[in-house]
Amino acid sequence: MSTQSSRAAARLMLSPTVILLLIWMIVPLAMTLWFSFQRYNLLYPERSGWNDFANYTRFVASPAFMSAIANTLILVVGVLVITIVLGILIALLIDQPLWGQGAVRILTISPFFIMPPVAALIWKNMFMNPTNGLFAEASKFLGLSPYDFLGQAPLASIILIVAWQWLPFATLILLTALQSLSSEELEAAEMDGAPAIKRFWYIMLPHLARSITVVVLIQTIFLLGIFGEILVTTNGGPGTASTTLPYLIYKEALLDFDVGTAAAGGVVAVVLANIVAFFAMRAIGKNLEG
Amino acid sequence: MGQITLHQVRKSFGEVDVIPGVDLEIKDGEFVVFVGPSGCGKSTLLRLIAGLEDTTSGTISIDGKDATALPPAKRGLAMVFQSYALYPHMSVKKNIGFPLKMAGMDPAEAETRIQRAASVLNLTNYLDRKPGQLSGGQRQRVAIGRAIVREPAAFLFDEPLSNLDAALRVGMRQEISELHQSLKTTMVYVTHDQVEAMTMADKIVVLNAGRIEQVGSPLDLYHSPKNLFVAGFIGSPKMNLIAGPEAAKHGATTIGIRPEHITVGDGPWEGVVGLSEHLGSDSFIKVDVAGVGIINVRGPGELGVHHGDRIRLAPAGKLHRFDANGMAMA
Amino acid sequence: MGQITLHQVRKSFGEVDVIPGVDLEIKDGEFVVFVGPSGCGKSTLLRLIAGLEDTTSGTISIDGKDATALPPAKRGLAMVFQSYALYPHMSVKKNIGFPLKMAGMDPAEAETRIQRAASVLNLTNYLDRKPGQLSGGQRQRVAIGRAIVREPAAFLFDEPLSNLDAALRVGMRQEISELHQSLKTTMVYVTHDQVEAMTMADKIVVLNAGRIEQVGSPLDLYHSPKNLFVAGFIGSPKMNLIAGPEAAKHGATTIGIRPEHITVGDGPWEGVVGLSEHLGSDSFIKVDVAGVGIINVRGPGELGVHHGDRIRLAPAGKLHRFDANGMAMA
Amino acid sequence: ETTITVATVNNGDMIRMQGLMDDFYAKHPDIKVEWVTLEENVLRQNVTTDIATNGGQYDVLTIGTYEVPIWGKQGWLASLNDLPADYDVDDLLPAIRGGLTVDGNLMASPFYGESSMVMYRTDLMEAAGLTMPDAPTWADIEAAAAAMTNKDGEVYGICLRGKAGWGENMAFLTAMSNSFGARWFDEAWKPQFDSPEWKATLDTYLRLMTEYGPPGASNNGFNENLTLFQQGKCGMWIDATVAASFVTGADSTVADKVGFALAPDNGLGKRGNWLWAWSLAIPASSTKQDAAKTFINWATNKDYLALVASKEGWANVPPGTRTSLYANPEYAAIPFAKMTIDSINSADPNAPTVQPVPYVGVQFVAIPEFQGLGTSVGQEFSAALAGQKTADEALAAAQALVTDEMTAAGYIQ
Amino acid sequence: MARHVTTRRKAINTAAAWSVAILLFFPILWTILTSFKPEAQAVASPPIFLGFDWTLQNYIDVNDQRDYFRFFWNSVIIAVGSTVLGLVIAIPAAWSMAFVPGRKTKDLLMWMLSTKMMPAVGVLVPIYLIFKTLGLLDSRIGLVIVLTLMNLPIIVWMLYTYFKEIPGEILEAARMDGASLASEILYVLTPMAIPGIASTLLLNIILAWNESFWTLNLTVSNAAPLTKFIASFSSPQGLFYAKLSAASTMAILPILVLGWFSQKQLVRGLTFGAVK
Ligand SMILES: Nc1ncnc2c1ncn2[C@@H]1O[C@H](COP(=O)(O)OP(=O)(O)OP(=O)(O)O)[C@@H](O)[C@H]1O
Ligand SMILES: Nc1ncnc2c1ncn2[C@@H]1O[C@H](COP(=O)(O)OP(=O)(O)OP(=O)(O)O)[C@@H](O)[C@H]1O
Ligand SMILES: [Mg+2]
Ligand SMILES: [Mg+2]
């Protein structure tokens with residue numbers, strides 16, 4: 001397939017995508033980089049000019065910064081752990097013979113289709129609200145005092161909401177992977193004397209490794225940018241308990257309209273995301289080969 | 001130790017009777033081959049013995065003990081699957097050692113057993129590779145290795161060679177035969193390749209639509225097929241089966257004569273050569289004989305016969321006679 | 001018209017020289033088979049002819065015109081792929097008609113051609129099916145049909161039968177031979193199955209590691225292999241190759257004798273039977289002869305010899321002699 | 001025909017206006033109005049980005065008292081001095097008008113105005129044997145809260161905003177701090193969170209909320225508290241005057257048991273109430289200023305009030321903008337009318353605090369940085385309410401972060 | 001695996017799986033139920049599950065307030081438009097990477113994916129300014145462009161994994177049959193990859209439909225999709241649970257139904273080639 005003409009054609013056909021993505025990446029990034037060294041506040045057109053690293057030092061030195069990084073990581077890792085562990089369990093369950101498998105799959109996949117702001121609104125108002133929410137009603141019914149999810153465990157609550165949205169994704173990928181495991185391999189293990197738990201541990205789990213990798217990769221990309229759910233539910237609080245890096249940038253960009261600092265934040269986020277990506281893709285790229 | 005007895009074993013999937021009822025006795029140390037056309041129930045029968053399927057009725061006993069309800073792991077049998085079913089994420093060593101690990105065997109002891117199996121199977125140099133890095137024949141051997149280490153009462157093979165190419169198949173076939181000679185363990189082997197069946201088996205079980213057509217030694221089946229099905233199925237190229245007046249001459253509904261039992265030169269049948277293939281060692285020709293039909297003939301490599309030649313043929317070996325029910329006549 | 005000439009054709013993938021330099025002349029109407037072990041470059045050579053790969057150097061001319069730089073579509077050749085490469089979303093008719101559509105042929109004219117090809121290949125009843133609804137043999141025929149309609153200068157086949165089961169393979173092999181006899185178009189056919197090579201070819205090209213070892217008719221190669229490689233490769237079971245003092249007796253470094261050219265009974269070699277396989281029609285035995293090595297023997301089905309017997313063997317046919325470079329000696 | 005794009009928040013009065021557009025089209029058939037209705041935060045983001053980058057996508061903006069002075073100073077808004085005479089600019093409430101005037105030019109026309117006040121349950125007060133004065137002190141409030149609280153019966157003495165945000169908990173707390181004599185900045189823009197006044201403010205707030213407030217208050221904003229109050233779970237609620245019509249409205253289970261009082265004070269001369277007006281303004285970049293002015297005149301004119309009254313009744317008239325409305329005897333009959341106007345009149349955006357300050361704004365500081373600052377400080381205080389920080393820690397953190405920001409922004413030299 | 005499963009076992013599985021499924025679906029179900037409640041019953045304590053006074057009033061109110069279909073059509077146009085445009089750009093690219101792979105193909109894919117890691121908030125102002133300059137603010141075209149670029153890496157990746165499963169021999173066969181590159185892609189590759197293209201299409205329609213940062217910030221009214229519709233229903237003056245639920249239901253239902261019907265294709269696509 002690799003004649004010179006086909007290689008030339010390939011380059012030609014690849015170029016629109018590559019060029020568009022390059023523009024999409026470089027132009028805003030370059031502008032962001034430029035802005036990040038400027039004094040630039042939308043609300044102060046008269047204040048402008050080169051600002052050295054002041055925006056960066058301000059952004060990084062802000063007390064919320066370290067906790068934002070920590071919260072971002074906790075959010076990403078938390079959601080990943082929940083979706084993968086529950087995803088595997090649910091996939092194992094759905095993979096069993098049962099009545100109404102199609103309907104079960106449809107119900108299970110549904111949260112994936114919900115707009116993030118709607119999901120956040122639903123959870124915040126109708127479930128987690130400590131006076132009117134269903135959780136509160138449930139605890140009252142059980143004679144417990146209602147738990148203030150968003151006040152007492154803001155990050156965990158957000159993780160719960162986001163995990164709910166992404167669980168179907170993980171479940172379905174893992175389910176498909178499970179179904180692709182050859183039954184002969186499981187039977188061989190059975191003949192070899194492995195009981196169910198060990199078959200899961202030694203045969204199924206390694207088989208799922210590749211799919212887990214994809215789940216981690218795709219989810220990480222989407223989760224690193226999450227802030228809409230935070231905006232709707234906790235506004236990053238109480239304190240900075242649920243402030244993540246994107247939320248911090250949001251605050252600079254759309255509350256302070258401090259474009260310079262927001263740009264600096266954006267650059268910092270890009271750098272951090274790429275560090276994460278570098279290690280993730282290293283590990284994952286290997287797993288995706290072959 | 002590895003005697004297996006099937007008594008009135010029946011298996012149906014839903015409505016379909018796949019095995020209508022089989023009685024079979026496999027002796028300790030025997031090499032038994034199940035042959036039959038695709039879909040005849042060979043795999044099903046083997047999986048019933050393995051315990052991977054439940055019998056619908058009937059009993060299976062192993063070494064005299066009823067094993068019908070035992071789970072696969074408890075039957076003391078080892079199985080080699082058609083796809084090998086190696087664990088792709090484990091090294092060869094781990095693959096072979098897996099049953100021992102599951103049995104909770106002491107690692108040092110397991111190690112010696114693995115090494116011994118590996119040296120028997122010429123795998124010592126590959127112990128650290130993953131299955132993906134092995135050739136078809138090597139994978140096959142790993143699968144056998146995984147079966148050997150457990151020192152099972154019997155080995156079950158389900159078309160273990162069908163994924164290999166022709167040359168490798170010959171080699172592996174011989175390796176398995178040699179293994180049987182050295183281990184002397186009972187082996188039950190499923191194939192639809194009759195060369196494999198003929199060369200490896202002590203005893204062949206010919207299956208057709210879930211029923212046993214004939215049980216016997218390879219040469220038994222070759223020389224005395226009990227019915228038309230076995231006659232047609234065993235032997236390559238296929239036996240020429242001739243019905244009509246020519247058969248009536250011999251007082252039968254159908255007569256059969258093997259291609260290698262026909263000589264070219266003189267004889268009662270005259271015909272025109274259709275296809276003629278010369279392999280150097282052998283020649284295969286198809287001759288269209290008026291009133292008899294197409295006759296396949298296998299001759300020596302030097303047979304100087306070509307497409308379009310008009311030649312005469314003579315039967316020069318055993319002639320098999322079958323009655324109207326397709327059963328062999330004395 | 002379909003004469004293909006390769007002149008000093010070389011192909012390397014990166015650092016690796018897959019075809020170090022090949023000269024070959026394929027005459028119009030010839031049936032040429034490329035054989036050789038896996039990875040020897042058969043497919044690569046065929047794809048170079050087809051134009052699916054660029055040559056690294058050298059020229060390929062078709063019907064006397066330099067075609068080295070022509071794109072595949074312009075070379076007037078048709079190819080049948082190992083996987084058939086049918087278009088799964090098109091009906092049989094559309095599949096066969098696709099090259100005509102690409103050539104912008106008038107639909108009515110195309111229709112007649114499709115019908116003609118379909119009737120040649122017995123596909124008339126299947127024209128509206130999708131490839132997924134066809135058996136392996138039928139798919140094979142559609143692939144050939146797609147090649148035929150274009151009335152190409154030559155057909156290229158890359159192991160077209162290797163995905164079929166043994167019985168079907170024999171049938172399709174004969175169909176392709178018959179097709180060649182009726183169309184008289186040049187055919188270049190790649191296989192690693194030497195039975196196919198022997199039975200189909202006018203001319204066999206034996207390849208080894210990208211180099212041509214010998215070109216000749218099937219029986220030429222069987223009877224007069226030019227070197228050890230060809231001697232070992234052609235013929236099944238493999239020729240026995242014996243080195244050492246036994247060869248020296250005949251003034252050669254190595255001598256070769258085919259298993260079918262050895263008789264059991266009396267003779268100069270005495271040994272112990274290792275493996276013995278009885279197929280009914282033939283018997284294959286391996287005999288360990290002291291000082292000579294393992295000798296494969298093919299005898300008649302009735303050969304009453306078993307594992308462990310001590311027997312004597314005698315060469316009873318042509319003895320091939322090879323020098324220190326592995327070349328045949330006169 | 002001219003099409004103007006009008007950006008509004010999605011509160012009841014604005015929605016009602018959209019239902020009354022037939023009247024406008026009848027009078028001005030050559031103008032078509034395109035509505036962009038959004039939740040407050042999204043609206044503010046979109047509108048600010050647009051106006052600051054000169055995007056020119058809107059012709060009429062709904063903005064608050066916070067934006068008007070800032071944007072007016074930037075020259076982003078068109079002056080409304082030349083509205084027709086029937087607009088009657090002198091009829092606007094002075095406090096409101098003052099907040100919307102920059103350098104003598106009216107920059108936005110108030111659509112409705114609000115202050116904050118105490119709403120309380122008359123039945124619970126009665127049961128507790130207390131009466132609420134019309135102008136209570138914080139001590140009165142605390143006593144009443146203590147008396148009304150019955151946590152087992154899910155009745156909480158007081159509901160206040162706790163959700164972090166400059167327009168959420170900080171609106172309340174800044175207004176409250178005014179009555180404690182606290183201020184955001186001294187005249188040199190030095191933050192004052194280390195002052196005893198702020199400490200007293202926060203202590204009082206936290207004490208009220210932890211002892212008498214509902215659970216999970218750190219996420220309660222206007223909406224949450226409104227629902228709680230309507231369900232009868234709050235003894236008192238100090239919040240926007242517009243809430244009065246809701247707590248006495250059809251959705252309320254306690255409609256006939258609500259009393260009103262001025263926001264509390266501490267005897268220092270300032271009450272803890274705020275002042276806010278949602279107003280309509282025209283971006284200077286709009287190319288359809290005439291049509292926009294026609295629309296604004298229609299929407300904020302006295303006639304519009306009459307129109308609403310005729311169609312939906314006096315209770316639904318947008319309140320808090322015009323003196324004449326409160327002079328109208330029909331409107332004055334509404335129970336909360338007087339308390340609303342008194343509240344509005346008791347706030348002065350130009351002199352919001354006991355001590356002098358360099359800024360304008362009662363419950364906010366009209367500088368661009370305030371949205372960010374207010375939200376950050378609000379997060380600290382809401383963390384204190386959630387029990388994750390002590391009052392002192394929250395105040396210290398607030399002081400530090402505000403000092404940083406103000407230094408960076410160049411206010412503090 | 002083909003062993004008989006007892007009915008009891010199957011019943012237990014069924015019960016467990018349905019419990020999990022209903023639990024996951026419950027928030028959506030509850031929202032839909034709430035949308036049919038009168039506002040007062042929506043916040044009733046204890047909650048009312050089915051025995052409330054069913055009403056369509058919330059839907060009527062919501063539609064009276066906002067012209068739902070305008071937002072709906074914008075959502076459809078933007079989601080479908082960006083996906084189709086993305087496919088048109090991505091199909092040739094995926095062809096190149098799948099059938100003429102180079103040493104850098106894997107890296108290129110990863111790089112494409114990494115362009116998605118840029119935090120949108122960080123580049124809002126630059127993009128906004130660019131859009132303003134180009135006059136793309138509040139235009140469907142503008143959003144189609146942004147969402148195309150946003151989802152392009154995912155589209156390319158998904159198509160790539162699908163194309164890789166198509167044997168190269170078929171394309172070579174087409175070439176031997178005289179097809180030009182364009183005919184090869186148009187007549188052979190694309191129809192063969194229809195299932196893959198369909199699931200790519202579906203997934204990206206869903207992603208585009210639910211995108212709620214750019215759609216909120218780059219539109220005003222002409223191009224405003226359903227995310228903007230929803231943004232106008234969380235009111236500052238009262239939690240209208242029932243109305244909010246009605247609006248939410250209207251915003252999510254089209255895509256939910258689409259998702260249900262195309263569930264099979266979607267699942268295949270979602271695996272990103274992780275499962276062979
Ligand atoms: N799980 C099952 N459910 C229903 N029918 C089955 C099942 N497994 C096998 N069968 C049917 O039982 C019959 C025998 O199948 P089996 O696999 O034993 O055939 P086989 O002889 O091994 O064929 P092959 O040579 O093709 O492997 C076939 O008709 C098959 O369709
Ligand atoms: N695209 C390629 N890049 C690098 N090496 C290649 C490529 N294609 C083939 N090769 C190498 O060239 C050699 C010849 O390959 P080719 O496919 O021609 O062998 P073959 O004789 O057809 O083998 P087989 O019988 O297995 O099909 C092999 O060693 C193969 O690894
Ligand atoms: Mg089978
Ligand atoms: Mg090849």
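**Entry 1: chains A and E**

I began with the polar contacts between chain A and chain E, and the rule finds 10 residue pairs across that interface, both residues of each pair at pLDDT 80 or more. That confidence cut-off matters here because the model I am reading is a predicted one.

I then looked for salt bridges across the interface of chain A and chain E, and the rule finds zero. The two chains bury about 8,900 Å² between them, and 80% of this is on carbon and sulfur atoms.

**Entry 2: chains D and A**

Next I turned to chain D and chain A. The contact takes 40 residues from chain D and 37 residues from chain A. I noted a buried area of about 3,100 Å² between chain D and chain A, with carbon and sulfur atoms giving 48% of it. I asked which residues of chain D lose the most area to chain A. They are D:Gln45, D:Asn219 and D:Gln379, together 18% of what that side buries.

How many salt bridges are there between chain D and chain A? I counted three. I looked up one pair by name: the side chains of A:Arg58 and D:Glu405 meet in a salt bridge, at 3.1 Å from N to O. For polar contacts across the interface of chain D and chain A, the rule finds seven residue pairs, both residues at pLDDT 80 or more.

I listed helices of chain D that each supply at least two residues of the side that touches chain A: helix 3 (40–52), helix 4 (67–74), helix 10 (222–230), helix 17 (370–385) and helix 18 (391–408). Helix 17 of chain D gives the most to that side, with nine residues. By class, I have 15 nonpolar, 17 polar and eight charged residues for the side of chain D that touches chain A.

**Entry 3: chains that do not touch**

I checked chain D against two other chains. Chain B and chain D do not touch, and their nearest C-alpha atoms are 48 Å apart. Chain C and chain D do not touch either, with their nearest C-alpha atoms 49 Å apart.

**Entry 4: the two domains of chain B**

I looked up the domain assignment of chain B, which gives domain 1 (4–228) and domain 2 (251–322). Their contact takes six residues from domain 1 of chain B and seven residues from domain 2 of chain B. I also noted that the C-alpha centres of the two domains lie 38 Å apart.

The area buried between domain 1 and domain 2 of chain B is about 520 Å², and carbon and sulfur atoms give 56% of it. Across this interface the rule finds zero salt bridges. I did find three residue pairs in polar contact between the two domains, both residues at pLDDT 80 or more. Helix 7 (residues 218–223) of chain B makes the largest share of the domain 1 side that touches domain 2, three residues. By class, I noted four nonpolar, two polar and no charged residues on that side of domain 1 of chain B.

**Entry 5: ligand 1**

I moved to ligand 1 and found 12 residues surrounding it, the closest being B:Ser38, B:Gly39, B:Lys42, B:Ser43 and B:Thr44. Residues from chains B and E surround ligand 1, so I noted the site as shared between chains.

I then read off distances to oxygen atoms of ligand 1. A polar side-chain atom of B:Ser43 lies 2.5 Å from one. For B:Gly41, a polar backbone atom is 3.0 Å from an oxygen atom of ligand 1. For B:Cys40, a backbone N or O atom lies 3.2 Å from an oxygen atom of ligand 1.

**Entry 6: ligand 2**

Which residues surround ligand 2? I listed C:Phe13, C:Val18, C:Ser38, C:Gly39, C:Cys40, C:Gly41, C:Lys42, C:Ser43, C:Thr44, C:Glu159 and C:His192.

An N or O atom in the side chain of C:Thr44 is 2.4 Å from an oxygen atom of ligand 2. The backbone of C:Gly39 has a polar atom 2.7 Å from an oxygen atom of ligand 2. The side chain of C:Lys42 has a polar atom 2.8 Å from an oxygen atom of ligand 2.

Note on methods: Residues numbered from 1 in each chain as written. Chains lettered and ligands numbered in written order. Predicted model: local features only at pLDDT ≥ 70, side-chain atom pairs only at ≥ 80, totals over all residues. Heavy atoms only, no water. Domains from an automatic or database assignment. Contact = heavy atoms within 4.5 Å. Buried area = accessible area lost by both parts, 1.4 Å probe. Salt bridge = Lys/Arg side-chain N within 4 Å of Asp/Glu carboxyl O. Polar contact = N/O pair within 3.5 Å; in protein donor to acceptor, adjacent residues only side chain to side chain. Helix = DSSP H or I, 4+ residues; strand = E, 2+ residues; numbered from the N terminus. Nonpolar A, V, L, I, M, F, W, Y, C, P; charged D, E, K, R; others polar. Near = heavy atom within 4 Å.
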